Amino acid sequence: MKEVNVEVIGVDPPCMRCQSARKAVEKAAERLRAEGINVKIEKANIVSKEVIGKYGVLVSPAIAINGAVKIMGRVPSPEEVERLIRESAK
Amino acid sequence: MNEKTIRTIRTALLLAFILLVIGLLVYSRIRAYSLAPTMKSEDFSKYAWYEIPIYYLWNYFSHAWICLLFAFTAAGLVYEFAPKEAITKYMGSSKALGYAIGAGFAPLFTVCSCTMVPLFAGILYTGAGIGPAITFLLMAPAANILTILITGEFISWEIAGVRIPVSLITAVLAGIIISKTPWGKAVEKEHQIAQNPTNDQKTVEIVKPPLDERLISALKFGGYLAKQILPYFLIGLVAVSYVNAYLPQEIVEGYLTGFTGVLLASVIGGPLYTPTLVEIVLGKSLLDLGMSKGALLSWLMGQPYDIPNMVAVSRVVKWKVVLTYALIAWSCSVAFGLAYGLVSGSL
């Protein structure tokens with residue numbers, strides 16, 4: 001079973017757009033699980049020093065897959081997240 | 001049909017919609033159709049108190065829908081297609097560049113505290129320092145695309161044009177002054193993180209989705225902004241209709257003109273929390289009731305130092321910094337209000 005690490009980077013307390021981004025990731029993860037890709041979802045705070053030290057300045061919401069920011073400043077569709085995760089799992 | 005054809009058709013339909021929105025605005029321009037409400041104070045006297053907001057809102061939206069539709073569509077598109085990666089990449093590189101990006105790109109990030117406070121903290125942490133961070137913070141609400149479009153359409157393009165440079169000067173000035181204060185420097189030192197130059201380019205590799213998905217996401221963001229802003233806007237408009245109907249012209253002419261007018265407008269324009277865009281409509285009705293143009297500018301410039309904005313920022317930096325920038329922004333709003341009043345001959 002392959003494992004992919006996804007970070008949803010947003011503000012804390014979460015804003016509406018960050019929540020929608022998280023939902024999209026969760027939906028994608030559910031579908032991928034059936035195919036044997038295990039998606040681990042983590043929530044990261046965009047104003048924390050860890051996140052900024054790792055990725056620099058980001059626009060919320062951002063999504064990082066396996067430690068690389070792939071999406072920022074917009075809410076993706078679950079299909080798009082699914083596609084990106086599948087690419088990273090290869 | 002294969003996927004490519006579907007995408008092409010979708011892209012074409014979306015572009016057609018956007019062109020239609022732009023076309024509507026241009027058409028209304030050509031026909032010289034007013035996009036601002038046309039009701040005058042004296043028109044209100046023939047309605048009962050409960051009828052006033054209904055008639056006003058009807059009058060308002062029958063004129064303003066084209067402008068609002070255009071503004072939200074444009075805001076969504078600009079936000080989606082703004083070069084976000086470039087901004088975040090260069091934000092931390094140097095002071096001068098930090099100021100330029102803070103001031104120049106802030107207008108692209110529309111009214112959304114969701115985006116503003118994290119970016120403010122980000123600029124602060126990555127090394128561009130407190131100055132550019134403050135500049136960004138003050139510039140974003142004062143001169144973002146939504147505010148400028150609505151100011152231009154509802155009040156006048158003259159005041160919208162004046163608003164951009166004066167906001168810019170205020171924002172840069174506040175940034176520079178705060179970066180020189182001891183408490184500003186303390187915040188900077190406390191927050192700066194040593195960045196590892198070897199890893200920062202590798203971990204951000206934005207994937208661009210196809211054009212149709214970007215357009216959809218742009219329109220969705222415009223819709224999201226509308227959903228966030230319009231309910232408050234509606235409540236604000238009801239209040240505005242009562243101001244129009246019941247606030248005597250003599251009071252406005254007496255208090256919101258001259259030097260005291262500018263002072264008063266700047267004091268109530270700031271702390272009084274008007275939901276985004278309502279300050280523009282309220283400003284317009286006060287202008288119609290006799291407020292001077294100078295006072296109007298001060299009034300509009302109050303937006304960046306309103307209370308909720310200050311509270312959000314104070315979670316990242318100390319209160320002393322917040323109060324300093326509020327004081328600078330306020331002084332500037334008075335100074336520019338007076339100057340504009342004198343130059344335009346309406347003080």
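This is a predicted model: local features need pLDDT of at least 70, side-chain atom pairs count only at pLDDT 80 or more; totals for chains, interfaces and linings use all residues.
Trainee: In what order do the four strands of the open sheet of chain A lie?

Mentor: The pairing in this open sheet is mixed. Its edge strands are β2 (37-45) and β4 of chain A, each of which pairs on one side only. The twist averages 25° from one strand to the next. The order of the four strands is β2-β1-β3-β4.

Trainee: Which strands of chain A does helix α1 (residues 16-34) of chain A touch as it packs on the sheet?

Mentor: The direction of α1(A) makes about 165° with that of β2(A). The strands that α1(A) touches are β1, β2 and β3 of chain A.

Trainee: Across which strands of chain A does α3(A) lie?

Mentor: Helix α3(A) runs at about 135° to β1(A). The strands across which α3(A) lies are β1, β2, β3 and β4 of chain A.

Trainee: Which residue is the bridge partner of A:E7 in β3(A)?

Mentor: Strand β1 (residues 2-10) of chain A and β3(A) run antiparallel. Four bridges join these two strands. In β3(A), the partner of A:E7 is A:A64.

Trainee: Which residue in β4(A) stands opposite A:A62?

Mentor: Strand β3(A) pairs with strand β4 (residues 68-72) of chain A over four bridges, in the antiparallel sense. Within β4(A), A:I71 stands opposite A:I63. The residue opposite A:A62 is A:M72.

Trainee: Are the faces of strand β3 (residues 62-65) of chain A covered or uncovered?

Mentor: In a regular strand the side chains alternate between the two faces of the sheet. On one side of β3(A) are A:A62 and A:A64, and on the other are A:I63 and A:I65. These residues are all buried, and both faces of β3(A) are covered.

Trainee: What is the phi of A:N66?

Mentor: The residue A:N66 is in the loop between β3 and β4 of chain A. These two strands form a hairpin with two residues between them, and A:N66 is in the turn. Most residues other than glycine have a negative phi. Although A:N66 is not a glycine, its phi is positive, at about 50°.

Trainee: Is A:N66 buried, partly exposed or exposed?

Mentor: A residue counts as buried with 20 or more other C-beta atoms within 10 Å, and as exposed with 12 or fewer. A:N66 has 14 other C-beta atoms within 10 Å, so A:N66 is partly exposed.

Trainee: How many residues does the contact between the chains take from chain A and from chain B?

Mentor: On the side of chain A that touches chain B, the elements that give two or more residues are α2 (49-55), β4 and α3 (78-89) of chain A. By class, this side has 14 nonpolar, six polar and six charged residues. The contact takes 26 residues from chain A and 29 residues from chain B.

Trainee: Which residues does B:P209 touch, not counting residues up to four places away in sequence?

Mentor: B:P209 is found in the loop between α10 (182-191) and α11 (211-246) of chain B. This proline is partly exposed, with 18 other C-beta atoms within 10 Å. The residues that B:P209 touches are A:E80 and B:R214.

Trainee: Why is helix α8 (residues 145-154) of chain B described as largely enclosed by the rest of the structure?

Mentor: The buried residues of α8(B) are B:I145, B:L146, B:T147, B:I150, B:T151, B:E153 and B:F154. They pack against α3 (51-81), α9 (157-180), α14 (278-288) and α15 (293-301) of chain B. Helix α8(B) is largely enclosed because the buried residues number seven of its ten.

Trainee: Are α1(B) and α3(B) parallel, antiparallel, perpendicular or oblique to each other?

Mentor: Helix α1 (residues 3-30) of chain B packs with α3(B) at an angle of about 135°, and their axes are 10 Å apart. The contact is made by B:I18, B:V21, B:L24, B:L25 and B:S28 of α1(B) and B:I66, B:L69, B:F70 and B:T73 of α3(B). The residues of this contact divide into seven nonpolar, two polar and no charged. From the angle between them, α1(B) and α3(B) are therefore oblique.

Trainee: Is B:H63 buried or exposed?

Mentor: B:H63 has its place in helix α3 of chain B. With 20 or more other C-beta atoms within 10 Å, a residue counts as buried. B:H63 has 20 such atoms, so B:H63 is buried.

Key
Residues are numbered from 1 along each chain as its sequence is written. Chains are lettered from A and ligands numbered from 1 in the order in which they are written. Two strands pair if DSSP finds at least two bridges between them. Two residues are in contact if their C-beta atoms, placed from the backbone, lie within 7 Å. Ala, Val, Leu, Ile, Met, Phe, Trp, Tyr, Cys and Pro count as nonpolar, Asp, Glu, Lys and Arg as charged, and the others, Gly among them, as polar. Axes are lines fitted to C-alpha atoms, for helices over the stretch in contact, and angles run from 0 to 180 degrees between N-to-C directions. Angles under 35 degrees count as roughly parallel, over 145 as roughly antiparallel, 65 to 115 as roughly perpendicular and the rest as oblique.
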